Amino acid sequence: MPQKGAITPGKDADVMLWDPKVSYTITAATQAMATDYSMFEGWKVTGNARHVFSRGELVVEDRQWIGKTGRGHFLKREANAGGFA
């Protein structure tokens with residue numbers, strides 16, 4: 001039985017609470033990447049994740065990463081090209 005994909009006891013459900021009204025401009029400084037540029041630099045966008053729960057733990061609060069580095073867990077799955085393969 002898959003470990004992901006359901007919000008039930010014993011599963012690894014990830015939940016994101018989306019704020020559809022927030023607007024901002026993407027810049028390299030606002031992105032959580034190990035680079036000093038963004039291919040989306042200057043794009044004006046609306047909507048963003050406000051809170052994210054990963055395996056029951058709050059890892060993004062008010063759009064800020066508060067999770068612990070290294071808490072990830074590799075889950076082997078079959079390749080899936082979204083129906084295009």
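Predicted model: local features only at pLDDT ≥ 70, side-chain atom pairs only at ≥ 80, totals over all residues.

R50 counts as partly exposed at 27% relative accessibility, where buried means under 20% relative accessible area, exposed over 50% and partly exposed in between, with a 1.4 Å probe and protein chains only. Residues are numbered from 1 along each chain as its sequence is written, and side-chain values use heavy atoms, with hydrogens and water left out.

Which residue does R50 meet in a salt bridge? The partner is D62, at 3.4 Å from N to O, and by a salt bridge I mean a side-chain nitrogen of Lys or Arg within 4 Å of a carboxyl oxygen of Asp or Glu. D62 lies in the loop between strand 3 and strand 4, and R50 in strand 2, so the pair ties together parts that are 12 residues apart in sequence; strands here are DSSP runs of E, at least two residues long, numbered from the N terminus. D62, at 42% relative accessibility, is partly exposed as well.

A salt bridge also joins D19 and R63, at 3.3 Å from N to O, and this pair links distant parts of the chain, 44 residues apart, with D19 in strand 1. Is D19 buried or exposed? D19 is buried, with a relative accessible area of 12%, whereas R63 is partly exposed at 29%. Taken together, D19, R50, D62 and R63 are linked in a network of salt bridges.

How values were computed
Helix = DSSP H or I, 4+ residues; strand = E, 2+ residues; numbered from the N terminus.
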